[in-house]
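Open the model in your viewer and keep the sequence panel beside it. The stops below say what to select and what is there.

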Amino acid sequence: MIYKKKLSAPEVSLEGTFVAGGAILSPIVGRDVSDYDVYPKDQSKLFEILIEANESYGAYVVSISDRSVTLKCNGLTKSDGERCIMQIITIDNFENADKIFETFDFTVCMGAYDCDDKKFYYHEAFWEDVASRRINFNVDTKYPYASLVRVGKYVKKG
């Protein structure tokens, strides 16, 4: 008998955005989603996205940097009851998933859900690398130095 797990949409669904990275990978590998990385298709809509996050998820701002706005969500919790974190990435417009993947360092993170068309998008190496538990570095990433910190995180996760 073949078991096929139906992939469900992320809990977060904000119009005009993608949810990408760990929020896509975690359910596939049987882990709790600890945070949601949200990529706006149009940064001019950032204020509207923040309002929607507040109204839909009870989200409020906990920090602002030159790369993201970090929110804590009263209406999204992990299985241990802890509130989820939502990071709205503010470094660019992300019209499509490929634009998001250009910023990612590891192919196992290159999954995205389009909150408008309700479809998943994956890098061509995503499924093979997830299945083999292999970390492949994206040599074209825009932020290679941040990857040094993240390597340790993945080593600890196995």
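Which residue just after α2 takes a positive phi? Select Gly58: this residue, just after α2, has a positive phi of about 60°. Before going on, note that the model is predicted, that local features need pLDDT of at least 70 and side-chain atom pairs pLDDT 80 or more, while totals for chains, interfaces and linings use all residues. Residues are numbered from 1 along each chain as its sequence is written, and side-chain values use heavy atoms, with hydrogens and water left out.

**Helix α2**

Select residues 46–57, which make up helix α2. Helices (H or I, at least four residues) and strands (E, at least two) are DSSP runs, numbered from the N terminus. The expected span of a helix is 1.5 Å times one less than its number of residues. The 12 residues of α2 should therefore span 16 Å, and the end C-alpha atoms are 16 Å apart, which agrees.

Now pick out Leu46, Ile49, Ala53 and Tyr57 in α2, which are buried. They lie on the same side of α2, because they cover an arc of only 55° around the axis; the arc is that of the directions from the helix axis to the C-beta atoms. An α-helix has 3.6 residues a turn, so residues three or four places apart point the same way. Buried means under 20% relative accessible area, exposed over 50%, and partly exposed in between (1.4 Å probe, protein chains only).

Turn to the face away from the buried side of α2 to find the exposed residues Phe47 and Glu55. Then show what covers the buried residues, which includes β1 (17–20), β2 (35–40), β3 (59–64), β4 (68–77) and β5 (83–89).

**Strand β4**

Select Ser68 and then Thr70. Ser68 counts as buried at 9% relative accessibility, and Thr70 counts as buried at 10%.

Contact means heavy atoms within 4.5 Å. Leaving aside residues up to four places away in sequence, Ser68 touches Ser63, Gln87, Ile88, Ile89 and Thr90. With that exclusion again, Thr70 touches Tyr60, Val61, Val62, Ser63, Ile85, Met86 and Gln87.

**The loop at Asp117**

Go to Asp117, in the loop between β6 (111–114) and β7 (119–122). Asp117 has a relative accessible area of 32%, so it is partly exposed. A polar atom of its side chain lies 2.9 Å from the backbone nitrogen of Lys119.

Notes:
A polar contact is a pair of N or O atoms within 3.5 Å; within protein, one must be able to donate a hydrogen and the other to accept it, and residues adjacent in sequence count only if both atoms are side-chain atoms.
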